Amino acid sequence: MDKLVLKDGTKIDLVAGASLGALQVESESRETMLEIWKKLTDENLKSIRIETSDGLTVGKYEDVLLVSETSAVEGGKVKTSFNMREKTSEEKRLDALEESQEIQDEAIIDLGAAASELAEKGGAK
């Protein structure tokens, strides 16, 4: 059975994994399915891979998004199909821009605090 391996090392058994857009998982209950879904965080999807039952990596993906999930109860089990995709180059650039903006915003706050402190002490001498 193939496995989806998340960034944190979590391994999820796949019933079928024909493509990143149709990874199929079978769970014993809704609660078990929900626990798997909760593992599919932005952080865990930054780096994933698909392994065969022999441990051979057959797919490696970076910056993946969970687009949708569809579940159905069949034969007492929850069958779920996860639709994932890699981020586009535009989405990756936007992420980098937002990250650099956060750093810049923090630097401006620090600079403002330092200027206020100097002003309270009567300025630089």
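1. Let me start with Glu51, a charged residue that counts as buried, at 7% relative accessibility. The cut-off for buried is under 20%, so Glu51 qualifies. Please keep in mind throughout that this is a predicted model.

2. What does Glu51 pair with? Its salt-bridge partner is Arg49, and the closest N and O atoms of the two are 2.9 Å apart. Arg49 itself counts as partly exposed, at 29% relative accessibility, whereas Glu51 is buried.

3. In total, 13 salt bridges are counted. One of them joins Glu43 to Lys7, with 2.4 Å between the closest N and O atoms. Glu43 sits in the loop between α1 (30–39) and β5 (47–51), and Lys7 in the loop between β1 (3–5) and β2 (11–13), so this pair ties together parts that are 36 residues apart in sequence. Both ends are partly exposed: Glu43 at 39% relative accessibility and Lys7 at 45%.

4. Lys39 is partly exposed at 35% relative accessibility, and Asp8 is partly exposed at 44%.

5. There is also a network of salt bridges to look at, linking Glu26, Glu28, Glu74, Lys77 and Lys79.

6. Which strand does β4 join? Five bridges connect β4 to strand β8 (residues 77–86), and the two run antiparallel. Within this pairing, Gln24 stands opposite Ser81 of β8.

7. Finally, a word on helix α2. Asp105 is placed in this helix, which spans residues 89–120, and is partly exposed at 36% relative accessibility. Asp105 is part of a surface patch of negative charge, together with Glu98, Glu99, Glu102, Glu106 and Asp110.

8. Glu117 is found in helix α2 as well, and is partly exposed with a relative accessible area of 43%. How far apart are Glu117 and Glu69 in sequence and in space? They are separated by 48 residues in sequence and by 52 Å in space, C-alpha to C-alpha.

Key
Residues are numbered from 1 along each chain as its sequence is written. This is a predicted model: local features need pLDDT of at least 70, side-chain atom pairs count only at pLDDT 80 or more; totals for chains, interfaces and linings use all residues. Side-chain values use heavy atoms; hydrogens and water are left out. Patches are made of residues with over 30% relative accessible area and no salt bridge: like charges are joined within 9 Å, nonpolar side chains (Val, Leu, Ile, Met, Phe, Trp, Tyr) within 5 Å. Accessible areas come from the Shrake-Rupley method with a 1.4 Å probe; for residues, only the protein chains shown count as cover. A salt bridge is a side-chain nitrogen of Lys or Arg within 4 Å of a carboxyl oxygen of Asp or Glu. Lys and Arg count as positive and Asp and Glu as negative; His and the chain ends are not counted. The place of a charge is taken as NZ of Lys, CZ of Arg, CG of Asp or CD of Glu. Helices (H or I, at least four residues) and strands (E, at least two) are DSSP runs, numbered from the N terminus. Buried means under 20% relative accessible area, exposed over 50%, partly exposed in between (1.4 Å probe, protein chains only). Two strands pair if DSSP finds at least two bridges between them.
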